[in-house]
Amino acid sequence: MYFHEIAQELKLHMDPDGRAGEFVKRLVRDSIRDPMNDEEQEADWLHEYNPMEKNISINMLDQIFEGDKNKWISRDRAGRICSLYDGVVLAEQVDRLYDGDKEHLQKFLWKKGLDVKTEELGSAVQDIFDQIYHGLAKGIHDVDITLTIHEPKPSIKNLAGDRIYCEDGKLYIDGDVIELPIRLSDAQIYEFEAGYISALCDAYAEVLMRDKVSVDDIPSLPKKYQQNFYDQRKAYLSAESIQRSISEVYEDGENQFDILKEDAFGGIKTTYYDDYDNGYRRLLEVLKKISDVQLEKSKLMLIKNLIGNLERLGIVHILVNDKTIVSWVDPYAE
């Protein structure tokens, strides 16, 4: 499959009236992860982070979209796209298409020999572009696509704890390397963070004797509450990245993470329901407690370096998002 073929099909459903070259930039932007450090954020601000924005004309982008002869994404640009690729936003956008658009996309993929269910379309497109960009990075323009979404996932239950460890976002298993696919960045606040962030803000409001604290107020709070907020976000995003990655990589990943959460709540439950002067104190005591809890039930704990102190703290906030922990201010709130 050529890049321009899938790009032209998606444009029909995602941006039918827009300029072709601009859609190419959008496709790549929605395929790469968010900036993760100051250097990347500065490059993004200068419109240089997206590999298809710097030193390339809109006319050239138009030609790439049309599939004009010898007008391809260069190997260098494709390589940079691969180094930043995650495809999460692109997959989400495909999954939000109207049913009629999804049906047309299914027919397009079927003609290419790819049988994809409606609920798999986002993941399939994510997989297709991953393979196309890696092909382009090798100078291959017509990429033979074999969807990995239909490959059976391994089971965590079959892993030997002494032969697997995690390092730098990768799992090392008997010499094989599996990269954890999802790394959430603190450069932006995601919609799915609303639950635990709201609970944190309520705790800050109570201890500061304010009617309300919102996320916009965080930079103006006393330093210790600012630092607490940033620390809790870092912990949550780390734990949530692992939860999503493990569920993506392993057949029983979601179940094993659920066991981990249940085990964690069992260890902090008494502390959570104890009496405190304010919700912020309750939060701190629970965070102290989770570091000492023996988490043994989930097979995930066999993976060395996967769940550290940071992720333990993050699991607490995942429990808030799950509504297992309903409030730091009033644990018995309806």
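**Notebook: first look around the model**

I started with Asn-55, which counts as exposed at 68% relative accessibility. My cut-offs: buried is under 20% relative accessible area, exposed is over 50%, and partly exposed is in between, using a 1.4 Å probe and protein chains only.

Ground rules before going on. This is a predicted model, so I note that local features need pLDDT of at least 70 and side-chain atom pairs count only at pLDDT 80 or more, while totals for chains, interfaces and linings use all residues. Residues are numbered from 1 along each chain as its sequence is written, and side-chain values use heavy atoms, with hydrogens and water left out.

**Loop between helix 3 and helix 4**

I found Asn-55 in the loop between helix 3 and helix 4. Asn-55 is not a glycine, yet its phi is positive, at about 55 degrees. Most residues other than glycine have a negative phi, so I looked for another exception. His-47 is one, with a positive phi near 60 degrees. I placed His-47 in the loop between helix 3 (38–45) and helix 4 (58–66). Buried or exposed, His-47? His-47 is exposed, with a relative accessible area of 51%.

**Whole chain**

I stepped back and counted 13 helices and three strands in the protein chain. Helices here are DSSP runs of H or I with at least four residues, strands are runs of E with at least two, and both are numbered from the N terminus. The C-alpha trace spans about 70 × 50 × 40 Å along its principal axes. Of the 334 residues, 46% count as buried. I also looked at contacts (heavy atoms within 4.5 Å). Among those between residues at least 6 apart in sequence, 67% join residues at least 24 apart.

**Lys-261**

I looked up Lys-261 in helix 11 (residues 253–272). Lys-261 counts as buried, at 9% relative accessibility. What does the side chain of Lys-261 join in a polar contact? The partner is the side chain of Gln-243, at 3.3 Å. A polar contact is a pair of N or O atoms within 3.5 Å; within protein, one must be able to donate a hydrogen and the other to accept it, and residues adjacent in sequence count only if both atoms are side-chain atoms. Leaving aside neighbours within four places in sequence, I listed Gln-243, Ile-315, Ile-318, Leu-319 and Asp-322 as in contact with Lys-261.

**Two helix pairs**

Two packed helices are described by the angle between their axes and the distance between the axes. Axes are lines fitted to C-alpha atoms, for helices over the stretch in contact, and angles run from 0 to 180 degrees between N-to-C directions.

For helix 7 (residues 99–111) and helix 8 (residues 121–137), I noted an angle of about 45 degrees, with axes 11 Å apart. Helix 7 and helix 8 are therefore oblique: under 35 degrees is roughly parallel, over 145 roughly antiparallel, 65 to 115 roughly perpendicular, and the rest oblique. Helix 7 brings Lys-102, Leu-105, Gln-106 and Leu-109 to the contact, and helix 8 brings Leu-121, Val-125 and Ile-128.

Helix 9 (residues 194–207) and helix 12 (residues 279–290) pack at about 125 degrees, with axes 7 Å apart. Helix 9 and helix 12 are therefore oblique too. I listed Leu-200, Ala-203, Tyr-204, Glu-206 and Val-207 from helix 9, with Gly-279, Tyr-280 and Leu-283 from helix 12.

Asp-76 is in helix 5 (residues 75–84) and is exposed, with a relative accessible area of 53%. I put its C-alpha 9.6 Å from that of Gly-139, 63 residues apart along the chain.
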